[in-house]
Amino acid sequence: MSAECLVSIAEIEGRGRSVVASQALKAGQVLLTDSPILLYSPLPFINPQSHQHRSYCNHCSKTLLQSPFSPCPSCSLLFCNATCLSRASSSSHSPYVCQALSRLQNSSLLLLERHLQARFLIAAFNLSIVSPPRFQTLLSLQGTVTDHDASDAHFLHSLISTICPPPSIPSIELTAALLAKDRLNAFGLMEPFNQHLQRSVRAYGIYPKASFFNHDCLPNACRFDYVDTARHNNTDIIVRILHDVPQGREICLSYFPVNLDYSTRQKRLLEDYGFACDCDRCKVEANWSDNDNDKDGVDNNEEEEDEVMDEDEDEDEQMVASGGAENEDTDFPHAYFFVTYMCNVNNCGGTLAPLPPSPVSPSNVMECNVCSNLKNKDAV
């Protein structure tokens, strides 16, 4: 059965358009495979290679491991091979993009914190040229313009219209709307995991179907990408369900690592997405003191973990599948989620999801969506 039959879009009061299970779902099932309608680099225009420890293809975002690479003859951006450069020349790195990036790189007017927004706008304006239907898809995504979006749009619209105008100059209002779409809908494709280095975003992408997933601080699904290992469509993202979910239940992702503490989660959601979370987990943790925030992490001491593992596992699984705690009187009602679905590899913070089940039996192998570590569920 195709993944498109497993979920549907529904309006949920207070949450807007949401993804819900069209039928009972089994742990590990692939709910969605989505391709980006646009990708753009997060690197600043000024000497971008000095701002990272790795280099990535400016079309497919794969890690550039061995030279020779294929640089653009006009702007010197790197591509993994001549095929990628050729494909990019008629899509993501059109003559307009190439010229715009070159001119912005030489501009002293663009503040560093606005480089990312400028890269997105150049990619979006280019999308309107090379693929008008995809541009209309971008415009159809949710995104309410804030005062901050409007202020940024005035500056960036003036700068881009002066230095590198697209063939059809958009209005300031459209520029602000695009910034709002990006702020609420962009997904980051992360660098390869390294225990000793902090990961950064290698590329941002707009995934129109995946953008319908709402946030929950205890998600029942998570997303995977295989940028460096997939042979085809390597920038696709894949969403898998963590555990069995009944028909009609909303499917949610976490917009950031699940082990962040309450105050950090609330701050990021309010600043980046414009809402405060009142999920079951947040309702409980809102009553904790600041000194209790370490309960959110995966570094619980052995005594706490032993206590959790001594609980009745069947009851815990039912609690997680129901979307929250049945008894909020316990000090840490969501502990089972962290023990079962949080990766324990040092400096990872990823989420474990079962591999896709076979038609006759569930999978007992869990895969981390950050470090790709595989673990037997029985060992967890």
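## Leu-121 and the nonpolar cores

In this predicted model, Leu-121 touches Leu-156, Ile-160, Thr-175, Leu-178 and Leu-179, leaving aside residues up to four places away in sequence. Leu-121 also belongs to the largest nonpolar core, which has 41 residues. Together with Leu-38, Phe-79, Phe-120, Ile-122, Leu-138 and Leu-178, Leu-121 touches the most other members of that core. Two or more residues each come from strand 4 (38-40), helix 1 (82-89), helix 2 (95-105), helix 3 (115-130), helix 4 (132-140), helix 5 (147-163) and helix 6 (172-185). Helix 3 makes the largest contribution, with 8 residues.

Another core lies apart from this one and holds 22 residues, including Leu-39, Phe-187, Ala-221 and Val-227. In soluble globular proteins, nonpolar side chains tend to be buried together.

## Arg-202

Arg-202 is part of strand 8, which spans residues 201-206. Its relative accessibility is 7%, so Arg-202 counts as buried. The side chain of Arg-202 reaches two backbone oxygens: that of Ser-61 at 2.8 Å and that of Met-190 at 2.9 Å.

Ser-61 and Met-190 are also among the residues that Arg-202 touches, when residues up to four places away in sequence are not counted. Val-227 is one of the residues of the 22-residue core.

## Cysteines

How many disulfides does a search of the whole structure find? The search finds 0. A disulfide is a covalent bond between the sulfur atoms of two cysteines. For Cys-72, the closest cysteine sulfur is that of Cys-98, at 3.6 Å, which is too far for a bond because the cut-off for a disulfide is 2.5 Å. Cys-252 is in no disulfide either, and the nearest cysteine sulfur, in Cys-279, is 9.0 Å away.

Cys-72 counts as buried, at 7% relative accessibility. Cys-252 is buried as well, with a relative accessible area of 5%.

## His-334

Where does His-334 lie? His-334 is in the loop that runs between helix 10 (313-321) and helix 11 (335-341). With a relative accessibility of 2%, His-334 counts as buried, since residues under 20% fall in that class.

His-334 and Val-284 are 50 residues apart in sequence, and their C-alpha atoms are 9.5 Å apart in space.

How values were computed:
Residues are numbered from 1 along each chain as its sequence is written. This is a predicted model: local features need pLDDT of at least 70, side-chain atom pairs count only at pLDDT 80 or more; totals for chains, interfaces and linings use all residues. Side-chain values use heavy atoms; hydrogens and water are left out. Helices (H or I, at least four residues) and strands (E, at least two) are DSSP runs, numbered from the N terminus. Buried means under 20% relative accessible area, exposed over 50%, partly exposed in between (1.4 Å probe, protein chains only). A polar contact is a pair of N or O atoms within 3.5 Å; within protein, one must be able to donate a hydrogen and the other to accept it, and residues adjacent in sequence count only if both atoms are side-chain atoms. Contact means heavy atoms within 4.5 Å. A nonpolar core is a set of buried Ala, Val, Leu, Ile, Met, Phe, Trp, Tyr and Cys residues joined through side-chain atoms within 4.5 Å.
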